[in-house]
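Subject: Structure for your review

Dear colleague,

Please find below the sequence and the structure that I am handing over to you. My account of what was found follows directly after them.

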Amino acid sequence: MSDYKLLIGGRLVAGDTTMPVVNPATEAVIADCPRGSAAQMDEAVAAAKAAFPGWAALPIADRRAAILRLADALNRRAEEFARLLTREQGKPLSESTAELAYTEAFLRSLATLDLPVRVVEDGERRRVELHRRPLGVVAAIIPWNFPLLIVAFKLPLALLAGNSMVIKPAPTTPLTTLRFGELCAETLPPGVVNIVTDANDLGARLSSHPDVRKVTFTGSTETGRRVMSSAAATIKRITLELGGNDAAIVLDDADPKAVAPKLFAGAFMNAGQVCLAIKRLYVHERIYDALCAELAALAEAAVVGDGLLPDVRIGPLQNRAQYDKVLGFLEDAGRDGRIIAGGAVTGGPGWFIRPTIVRDIADGARLVDEEQFGPILPVIRVTGIDDAVRRANASPYGLGASVWSSNPDRAYGVACRLEAGTVWINTHLDFGPTIPFGGAKQSGLGVEFAEEGLAEFTQLTVINRAINRAN
Ligand code: NAD
């Protein structure tokens, strides 16, 4: 039960204390998990700092090979990790299996990137080159919705660029990340990756640590603000992937039967605990009733339960605090709109809420204006495109958005008016390692993935050589 270990300086070590980790489907304690102390966090940063020069000095091909070894090691244990992920996070096993596959794919794909010197001028007078150098120690702070995949959003880019890392998982989902640490211990030089858990008490210490040069953070906008201010003292580089309240707009020419399953999947994956999930659905009044009915039928049919059971489509909320928060949204939704499917599951252990469809609700209601991060979807009636665009954009968030129509050109025109980091047409939640990803407005700062993401783990250095033709 307690063979989980922190990873500090290449050694798998016990935490200074322990903390229970609970399966959200059963509320049973599944591990007495090591809990890092402030001293262990400092040790981890020191180990990363010590490992940095050697790692940075390696040829990029060697660092790439090490990341690929890590991907191979993960592949060998993917099945075991997927089951553990479901037990600690709650998502159905099919989604955990997919998370493992995506994690490996991100490691492999991002490892193929390169950092060539770019010559921007090579003239009579001067030769100017752009070099991308590593920064130093990178702190990666991870939320509880995709405990392993989000590590793979950050780790391959940070390491490929030549940085070392300290990773801090979320307090309620540390186990899969600690198992991943075992793979790092096998495949990477000591100190290049360190993993320290906490009980939500060491994030600020890590993100304000003077020896950390960059913080890559995924989590709520509220905590993102704190990370931003704690980075100020030493002008750390930061990448923030924060909350979202993604709007999907369904135009009057969409076929309700055809789009409903896709909208449902975009809203209810991982029980709605996805930064990029559809969280507000704006539907033209002409097809409003038909689409509400289709969505309600899908919600009624969805199998909710322990993610390890076959056929389960929706697992529990990941932790008690989130469950209580989403119950609050549910209560308000019953007042602000009409619940036509779903509701809380009572009577058993586990933090379950059925996929819930709320109609006859409008902007101004908490479920529409705030991020619910749970399986409750508000469906809002709109009178036309301008009305929908105005409402969709009237949000402090701007992570993703989508437009649904049987006329993709018409949808394209709407997509170009939406304020978000990613706008999809006739799909939602489609992302990958080769596509830059980042939030507009208060959904984030900077981008992840692809070359643009890699650049964020580097210091741009200009080498400007004067050319004296006389000599
Ligand atoms: P959270 O902000 O509560 O916690 C995220 C991480 O930050 C945890 O590891 C936590 O321990 C740590 N932390 C807490 N206080 C800190 C501090 N002062 N300094 C540094 N770190 C600190 O978020 P959560 O509840 O784990 O995740 C849910 C939120 O994350 C949602 O808002 C969701 O939209 C967002 N999210 C965003 C993305 C994205 O890519 N944009 C992806 C997943 C989740």
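Tyr-102 and Phe-431 form one of them: the ring centres lie 5.8 Å apart and the planes stand at 40°, so the pair is tilted (planes under 30 degrees apart count as stacked, over 60 as edge-to-face and the rest as tilted). Tyr-102 belongs to helix α4 (residues 93-111) and Phe-431 to the loop between β19 and β20 (440-441), so this pair ties together parts that are 329 residues apart in sequence. Helices (H or I, at least four residues) and strands (E, at least two) are DSSP runs, numbered from the N terminus.

Before you read further, please note that this is a predicted model, in which local features need pLDDT of at least 70, side-chain atom pairs count only at pLDDT 80 or more, and totals for chains, interfaces and linings use all residues. Residues are numbered from 1 along each chain as its sequence is written, and side-chain values use heavy atoms, with hydrogens and water left out.

The seven-stranded sheet

Seven strands make up an open sheet of mixed pairing, in the order β14-β15-β16-β13-β12-β18-β19; two strands pair if DSSP finds at least two bridges between them. The edges are taken by β14 (338-344) and β19 (422-425), each of which has a single partner strand, so one side of each is left without a neighbour in the sheet. From one strand to the next, the twist averages 15°. Axes here are lines fitted to C-alpha atoms, for helices over the stretch in contact, and angles run from 0 to 180 degrees between N-to-C directions.

Within this sheet, β15 (residues 353-359) and β16 (residues 376-382) run parallel and are joined by three bridges. Ile-357 has Leu-377 in β16 as its bridge partner. Helix α11 (residues 320-336) packs on the sheet and touches β14, β15 and β16, with its direction at about 155° to that of β14; contact means heavy atoms within 4.5 Å. Helix α13 (residues 385-393) lies across β12 (246-250), β13 (278-284) and β16, and runs at about 140° to β16.

Helix packing

Helix α6 (residues 175-187) packs with both α2 and α3. The axes of α2 (residues 60-76) and α6 come within 9 Å and cross at roughly 135°. The two helices are therefore oblique to each other (angles under 35 degrees count as roughly parallel, over 145 as roughly antiparallel, 65 to 115 as roughly perpendicular and the rest as oblique). In this contact, Ala-66, Arg-69, Leu-70, Ala-73 and Leu-74 of α2 meet Phe-180, Leu-183, Cys-184, Glu-186 and Thr-187 of α6. These residues divide into seven nonpolar, one polar and two charged; Ala, Val, Leu, Ile, Met, Phe, Trp, Tyr, Cys and Pro count as nonpolar, Asp, Glu, Lys and Arg as charged, and the others, Gly among them, as polar.

The axes of α3 (residues 78-89) and α6 come within 8 Å and cross at roughly 155°, and these helices are therefore roughly antiparallel to each other. On the α3 side the contact uses Glu-80, Phe-81, Leu-84, Leu-85 and Glu-88, and on the α6 side Leu-175, Thr-176, Arg-179, Phe-180 and Leu-183. Here the division is six nonpolar, one polar and three charged.

Helix α3 also packs against α4, at an angle of about 130° and with the axes 8 Å apart, which makes α3 oblique to α4.

Antiparallel strands

A further open sheet has three strands in the order β5-β6-β22, with antiparallel pairing. Its edge strands are β5 (118-122) and β22 (458-466), each with a single partner, so one side of each is left without a neighbour in the sheet. The twist averages 20° from one strand to the next. Four bridges link β5 to β6 (residues 126-134), and Asp-122 stands opposite Arg-127 in β6.

Strands β3 (residues 17-22) and β4 (residues 29-35) are also antiparallel, paired over six bridges, with Pro-20 opposite Asp-32 in β4. Their hairpin has six residues between the strands, and Glu-27 takes a positive phi near 65° in it.

Yours sincerely

Note on methods: Phe/Tyr/Trp six-rings, centres within 6.5 Å; stacked < 30°, edge-to-face > 60°.
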